[in-house]
Amino acid sequence: MTQARHNERVLFSSRLRKIVLPAAAVLVAALAAGCSGGSSPKAGESGASASPSSSPSPSSTVSVPPGVDLTAQGTNLNFGDTATVIFEPTENKATVLSLTVKNARQGRLSDFKGFILDDPYKKKATYYYVKVRVKNVGTGDVGGVPVPLWGVNGANTLLPAVNFTSTFKKCTSKPLPKKFAPGDAVDTCLVYLSPKHGSLEAVSYRPSQEFNPIQWTGTVKH
């Protein structure tokens, strides 16, 4: 093999970037249906909040600052609205977050040119980009963990945000900064993969099966 051909192959290989899908990407509606109070709110509903069947918090151990009101479980919101929730990613990390799902748009498979789409699940999916703002309005530091939002498709399947091994310029996805202390805020973009060319019907805050999810809906731009 000539040196020029060798260099060409090395250069091509260096451009390949991998999309990493967590095992949770294939969770099905059975998990979504496990919320307290029976069935979860329908993905297509929006607007006024639902009548919650339980407290707005999955835990009573996290300190909620004075003047901060938690969003009730089962609340349905529109894109652009903000929810205030208790967030406990680990035993040693907990705070109150303000979550705003700003908007959502549908991507194209051609956006992923240069990425390794190495199975039909990834190739025959629809990709969605969701812009989100997260602010720490509590008293704890929850740095270095993923943004706690799921996508929900037309089959009521939970869709985790896609992990990337390098920068994806169309929708720069990142976890919370290593230090995410009280008062810190970050704007990010989450990528959701809906299998079999599926839709994106909602974005959901759902920290556990028992939690009646808080969901955002709205027009998905194309």
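What percentage of the 222 residues in the protein do buried residues make up? The share is 41%, where buried means under 20% relative accessible area, exposed means over 50%, and partly exposed lies in between (1.4 Å probe, protein chains only). The model is predicted: local features need pLDDT of at least 70, side-chain atom pairs count only at pLDDT 80 or more, and totals for chains, interfaces and linings use all residues. Residues are numbered from 1 along each chain as its sequence is written, and side-chain values use heavy atoms, with hydrogens and water left out.

The protein contains three helices and 13 strands. These are DSSP runs, numbered from the N terminus; helices (H or I) have at least four residues and strands (E) at least two. Among contacts (heavy atoms within 4.5 Å) with a separation of 6 or more, 75% join residues 24 or more positions apart.

The largest nonpolar core has 30 residues. Such a core is a set of buried Ala, Val, Leu, Ile, Met, Phe, Trp, Tyr and Cys residues joined through side-chain atoms within 4.5 Å. Val134, Leu149, Tyr205 and Trp216 touch the most other members. Two or more residues of this core come from each of strands E3 (82-90), E4 (93-106), E6 (126-136), E10 (185-194), E11 (202-205) and E12 (214-217). Apart from this core lies another, of 13 residues, including Phe115, Phe164, Phe168 and Val191. Residues up to four places away in sequence aside, tyrosine 205 touches Val85, Ile86, Phe87, Leu99, Pro148, Leu149, Phe211, Pro213, Ile214 and Trp216.

Five strands form an open sheet in the order E2-E12-E11-E7-E8, with mixed pairing. E2 and E8 stand at the edges with a single partner strand each, so one side of each has no neighbour in the sheet. Two strands pair if DSSP finds at least two bridges between them. Strand E2 (residues 76-78) and E12 run parallel and are joined by three bridges. Here asparagine 78 has threonine 217 of E12 as its bridge partner. E11 and E12 run antiparallel, again with three bridges. Tyrosine 205 stands opposite isoleucine 214 in E12. Strand E7 (residues 150-152) also pairs with E11 in the antiparallel sense, over three bridges. There, valine 152 stands opposite alanine 202.

In a regular strand, side chains alternate between the two faces of the sheet. Both faces of E12 are covered. Ile214 and Trp216 are buried on one side, and Gln215 and Thr217 are buried on the other.

Threonine 100 belongs to strand E4. The residue counts as buried because its relative accessible area is 12%. The side chains of threonine 100 and threonine 82 are joined by a polar contact of 2.6 Å. A polar contact is a pair of N or O atoms within 3.5 Å; within protein, one must be able to donate a hydrogen and the other to accept it, and residues adjacent in sequence count only if both atoms are side-chain atoms. Neighbours within four places in sequence aside, threonine 100 is in contact with Gly80, Asp81, Thr82, Lys131, Val132 and Arg133.

Eight aromatic pairs are found in the whole structure. Rings of Phe, Tyr and Trp (its six-membered ring) pair if their centres lie within 6.5 Å; planes under 30 degrees apart count as stacked, over 60 as edge-to-face and the rest as tilted. Phenylalanine 112 and phenylalanine 115 form an edge-to-face pair, 6.1 Å centre to centre with 70° between the planes. Phenylalanine 115 and phenylalanine 168 are also edge-to-face, at 5.6 Å and 85°. Phenylalanine 115 lies in strand E5 (residues 115-116) and phenylalanine 168 in the loop between E9 and E10, so this pair ties together parts 53 residues apart in sequence. Phenylalanine 115 is buried at 8% relative accessibility, and phenylalanine 168 is buried at 4%. One aromatic cluster consists of Phe112, Phe115, Tyr127, Tyr129, Phe164 and Phe168.

Valine 162 sits in the loop between strand E8 (158-159) and strand E9 (163-164). Valine 162 is buried, with 5% relative accessibility. Its C-alpha atom is separated by 8.3 Å from that of serine 173, eleven residues apart along the chain.
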